[in-house]
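Dear colleague,

Please find below the structure that I am handing over to you. My notes on what was found in it follow directly after.

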Protein chains: 2
Amino acid sequence: MSAATAHLIPLPAEETTPTTRDRIVEVAARSFREIGYQKTTVADIARTLKMSPANVYRFFDSKKAINEAVVERVTGEIEAMIAAIATAPRLDAPERLTRIVTALHNDCRRRWEAHPRVHEMVEAAMSESWSVCQAHVDRIEAVFERVVEDGVREGHFAVADPKAVAACLHAAIVRYCHPLLVSRQQDTALPPLPTMIAFLLGALKAADL
Amino acid sequence: MSAATAHLIPLPAEETTPTTRDRIVEVAARSFREIGYQKTTVADIARTLKMSPANVYRFFDSKKAINEAVVERVTGEIEAMIAAIATAPRLDAPERLTRIVTALHNDCRRRWEAHPRVHEMVEAAMSESWSVCQAHVDRIEAVFERVVEDGVREGHFAVADPKAVAACLHAAIVRYCHPLLVSRQQDTALPPLPTMIAFLLGALKAADL
């Protein structure tokens, strides 16, 4: 059975439950992290799960499709983390924005620094599965946009176009939150994050956008 | 003769002229760009120059040292380009800053997009020769700092700490000017550069820093 046609065969009822799919994603995530995306094969993932490669292909067309599921899980965790901060009660918009950027930075450090090989997974997603990355960027910026709008309502920010400003904010923190830069580049050249956040909040107080 | 001791032997007068060293850097730059840093050997560089590897080692201790010279040449060109804009007459500071950031972005695109293998050179410099990268960052930020100071004098910017603000500005444009991101990541998610520059100029008009 080829990878291209395997998904056309109906799955037995017990295998349509999330469990097997989740276990594949779990094992793949661990292998991509520890062994690296390049060196991990679908056969390796199947062997760890004590199943046949054909069975893995019933859930995922390709290693690329498995990677997309792994990336969606990770990015989903990150998005849930910042969405919780965005809706936290008793915090004004500048404070929520500060906490969101700090959380994104700390999460990125914590998640990627321990596993240098994770870059392969990120690079594969960036080059082969851009729509997954784009969707993550869009969801992060939707959270920023909501907080910027709150800040305008609260009188903290002077912003005419919260969507454009949210995209600029996100682009401006790439150096602190992008897995390809955070763990790879030494931070000697980088302003401390609180300084950078103060700078960006300044932009929100008097934005021309 | 080993690479480690070769540099201890005095060079004949005609070889201390910049010409041979420059030719090595020129050939190495082309090879790193076209074949890639990983696959280029010192022997390849010597062969192209019709000289022995030992002769190359009289000028450079290692391939890493050659890469540092190549990177210093490229970064020197970039720094000269923006220094010329920074001191251009009849332009106010916001306009000079706009032109500098735009020039950095366009130069990065032009220089790296045509040669995907150049990433290997950049990555090698980032991991093996950080001081060369750091010196480049410092010189770029010194130019930003000077223009920010000019803007304060001209009454365009309200900035208490031009050095800190220059570092924030530089960090904020990484997504537009870093060779590892500009050519590798698709730009669908990115605000147009003029929008980003307007956002950053807003920060300079009312910086808390």
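In chain A, which has 209 residues, 52% of the residues are buried. Please keep in mind throughout that this is a predicted model. Chain A exposes about 9400 Å², and carbon and sulfur atoms supply 55% of that area.

The secondary structure of chain A consists of twelve helices and zero strands. Read from the N terminus, the order of elements is accordingly α-α-α-α-α-α-α-α-α-α-α-α.

How are the two chains related? Chain B can be laid on chain A by a turn of 180° and a shift of 0.0 Å along the axis, with an RMSD of 0.0 Å. The two copies are therefore related as by a two-fold rotation axis. The same surface serves both copies, in that 100% of the contact residues of chain B recur in chain A.

The interior deserves a paragraph of its own. In soluble globular proteins, nonpolar side chains tend to be buried together. Here the largest nonpolar core holds 139 residues, and those that touch the most other members are Ile66, Phe199 and Leu204 of chain A together with Ile66, Phe199 and Leu204 of chain B. Helix α5 of chain A, residues 63-86, gives the most to this core, with ten residues. For Ile66(A), setting aside neighbours within four places in sequence, the contacts are Ile24(A), Ala28(A), Phe32(A), Val42(A), Ile45(A), Val56(A) and Phe60(A).

Helix α6 was examined in both chains. In chain A, α6 covers residues 93-113, and its 21 residues should span 30 Å at 1.5 Å a residue; the end C-alpha atoms are 30 Å apart, so the two values agree. At the start of α6(A), a side-chain oxygen of Asp92(A) comes to within 3.0 Å of the backbone nitrogen of Glu95(A). In chain B, helix α6 contains Asn106(B). Asn106(B) has a relative accessible area of 43% and is therefore partly exposed. Although Asn106(B) and Tyr176(B) are 70 residues apart in sequence, their C-alpha atoms are 8.8 Å apart in space.

Is His136(A) buried or exposed? His136(A) belongs to helix α8 of chain A, residues 130-154. Its relative accessibility is 16%, so His136(A) counts as buried, the cut-off being under 20%. Apart from neighbours within four places in sequence, His136(A) is in contact with Thr75(A), Ile78(A) and Glu79(A).

Finally, a remark on backbone geometry. Most residues other than glycine have a negative phi. Lys50(A), although not a glycine, has a positive phi of about 55°, and Lys50(B) likewise has a positive phi of about 55°. Lys50(A) is placed in the loop between α3 (42-48) and α4 (53-59) of chain A, and Lys50(B) is in the loop between α3 (42-48) and α4 (53-59) of chain B. Lys50(A) counts as exposed, at 78% relative accessibility, and Lys50(B) is exposed with a relative accessible area of 76%.

With kind regards

Definitions and conventions:
Residues numbered from 1 in each chain as written. Chains lettered and ligands numbered in written order. Predicted model: local features only at pLDDT ≥ 70, side-chain atom pairs only at ≥ 80, totals over all residues. Heavy atoms only, no water. Least-squares fit on C-alpha atoms with pLDDT ≥ 70 in both. Contact = heavy atoms within 4.5 Å. Helix = DSSP H or I, 4+ residues; strand = E, 2+ residues; numbered from the N terminus. Buried < 20%, exposed > 50% of the residue type's maximum accessible area, 1.4 Å probe, protein only. Areas by Shrake-Rupley, 256 points an atom, 1.4 Å probe, with all protein chains shown as cover. Core = buried A, V, L, I, M, F, W, Y, C linked by side-chain atoms within 4.5 Å. Expected span 1.5 Å × (residues − 1). Polar contact = N/O pair within 3.5 Å; in protein donor to acceptor, adjacent residues only side chain to side chain.
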